[in-house]
Amino acid sequence: MSAPPSPDEGLAAAELAAKYGLTVSGARPSLFEYVRQLWDRRHFILAFSRAKLTAQYSQAKLGQLWQVATPLLNAAVYFFIFGLILNADKGMPKEVYIPFLVTGVFVFTFTQSSVMAGVRAISGNLGLVRALHFPRASLPISFALQQLQQLLFSMIVLFAVALIFGSYPALSWLLIVPVLLLQFFFNTGLAMIMARAGAKTPDLAQLMPFVMRTWMYASGVMFSIPIMLEDKPDWIATVLQWNPAAIYMDLMRFALIDGYGSSNLPDHVWAAALGWALLFVVGGFVYFWKAEERYGRG
Amino acid sequence: MAEQKTDAPIPTVIADELHIVYRVNGAKSGKGSATAALSRIVKRGEERGVRKVHAVKGVSFVAYRGEAIGLIGSNGSGKSTLLRAIAGLLPAEKGKVYTDGQPSLLGVNAALMNDLTGERNVILGGLAMGMSREQIKERYQEIVDFSGINEKGDFITLPMRTYSSGMAARLRFSIAAAKDHDVLMIDEALATGDRKFQKRSEERIRELRKEAGTVFLVSHNNKSIRDTCDRVLWLERGELRMDGPTDEVLKEYEKFTGK
């Protein structure tokens, strides 16, 4: 054997490791330490999300113009189907309904794409997970951040739509910032939960589009929940209105659209928005961290 | 402890009865049909539809500071898997790996994106390896010069997908080799680029070796093992077949492979 004889002869591996202060490779750090490591990687998280965003359209002729064109086309399609064909605008004048619909589509898409990116955050980046060492939560957080930046592009379209339909910048527009922030926290938490689930069961990536579509139709993206469910028992509308997607959508509409007053919001809506955000971002983070050492097993 | 002699070897990596098992979904029966998948779900076995690949079986060794260790063995003998386990990137099924600090694999390929310019990839790759922005800024020119990407025009501002495979490999190596490591693991990185670049990268690896505490090198090239390593671990079918000085092990290995 090549190892020269030493006073350590005969020590068991664990004792030898303890003597020289070696630590178990790939062990899960404490929650506090994990947060610190994550903070150290903040530049990587940001750079990764921006790189993904840029790479997305780099092969297209129109390039980054698609960042704005994609949400615009999306809104146009939904307006064509729900506004013109199905008349889902019940009781809302056109100048409220169109911004109402567009806001709904964009805000929900923000959550939807964060979930879809979250499911693949680990399972779709196994190469990265197996090659480099970094706190794995960087990935779902980075993907949620990418979606936030994507949404900021959509906001340009949204502002234009609001202006065209007679909602002008007012103080209430400032509320957009806290709403976006809270929704971003909610999405990040959800993305971390989905990332852990998707790492264990990659099949979720096939299943989630259906779950998300159900959620979308149940959250009143293209119709007002209380009006649509008038003849149904009250509690159904209440439950639907309190679901996080509906809460963030309604708050955004309230902030942005002149004709969409506080009478459309459920009670304690800000508390609910904050509660959902905190519950998911903290819960999701702890849930994700608990499996930290197991990501990458395949 | 009693007084420590200065020349007593200090362990940096300890592998203790290490087992690594890969799980592969949907490969159990070899039948990929939908009905086969369904019956796997319905039949509640111990682990449905999952085939296990036992890649590393009970490997133990102690590596010391200042050693350069070569890992040899035929394809699929578990060399790369063992490196990943030491780096803490693959969880162990049984047994443990103890390390001094954070061992790192030399390689950033997975973090780089073909649609981005070489410039942005240098930054992204550096950040992914855990370098700070200042460190990257400091080394940026060095990385670009080393890769030689700009020798034939201003390629660093073009997307990486426009590079030839050799150019891309050179840039990847240059980024990966820009960081100093305590325990460094190199997985057949020597064979990239043209002859000129190979020479340059071998030199860089020797430099890294000097700075690093311990180096692991996986290679099928017995010459580069002989040049860089003073100890060799020979893996075969996931088991440690031999562990000793380079010459002894390589002699046996060459006899085994019939060279």
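**Before you start.** The model is predicted, so local features are described only at pLDDT of at least 70 and side-chain atom pairs count only at pLDDT 80 or more, while totals for chains, interfaces and linings use all residues. Residues are numbered from 1 along each chain as its sequence is written, and chains are lettered from A and ligands numbered from 1 in the order in which they are written.

**Stop 1: a helix pair in chain A.** Select residues 94-123 and 204-218 of chain A, which are helices α5 and α9. Helices here are DSSP runs of H or I with at least four residues, strands are runs of E with at least two, and both are numbered from the N terminus. The two helices pack at an angle of about 165°, with their axes 10 Å apart. That makes α5(A) roughly antiparallel to α9(A) (angles over 145 degrees count as such; axes are lines fitted to C-alpha atoms, for helices over the stretch in contact, and angles run from 0 to 180 degrees between N-to-C directions). The crossing is right-handed, a term used if the near helix is turned clockwise from the far one by less than a right angle.

Now show the side chains. On α5(A), pick A:F108, A:Q112, A:V115, A:M116, A:V119 and A:R120; facing them on α9(A) are A:L204, A:A205, A:M208, A:M212 and A:M216. Residues are in contact if their C-beta atoms, placed from the backbone, lie within 7 Å. By class, this contact has nine nonpolar, one polar and one charged residues (Ala, Val, Leu, Ile, Met, Phe, Trp, Tyr, Cys and Pro are nonpolar, Asp, Glu, Lys and Arg charged, and the others, Gly among them, polar).

**Stop 2: where the chains meet.** Colour by chain. Chain B gives 48 residues to the contact and chain A gives 38. On the side of chain B, the elements with two or more residues there include β1 (11-25), β2 (50-64) and α3 (118-128). That side has 30 nonpolar, eight polar and 10 charged residues.

Which residue of β4(B) is the bridge partner of A:T23? Select B:T99 to see it.

**Stop 3: the sheet of chain B.** Chain B has eight helices and nine strands, and buried residues make up 43% of its 259 residues (buried means 20 or more other C-beta atoms within 10 Å, exposed 12 or fewer, and partly exposed in between, with C-beta atoms placed from the backbone).

Follow the open, mixed sheet of six strands in the order β5-β6-β7-β3-β8-β9. β5 and β9 stand at the edges with a single partner strand each, so one side of each is left without a neighbour in the sheet. Neighbouring strands are turned by 20° against each other on average, direction ignored.

Within this sheet, select residues 68-72 (β3) and 231-236 (β8), which pair in the parallel sense over four bridges; B:G70 stands opposite B:V232.

Stop 4: B:R237 sits in the loop between β8 and β9 of chain B. This residue has a positive phi of about 50° although it is not a glycine, and it is partly exposed, with 14 C-beta neighbours inside 10 Å. Finish at B:E17 in strand β1 of chain B, where phi is positive at about 45°, again without a glycine.

Terms used. Angles under 35 degrees count as roughly parallel, over 145 as roughly antiparallel, 65 to 115 as roughly perpendicular and the rest as oblique. Two residues are in contact if their C-beta atoms, placed from the backbone, lie within 7 Å. Two strands pair if DSSP finds at least two bridges between them.
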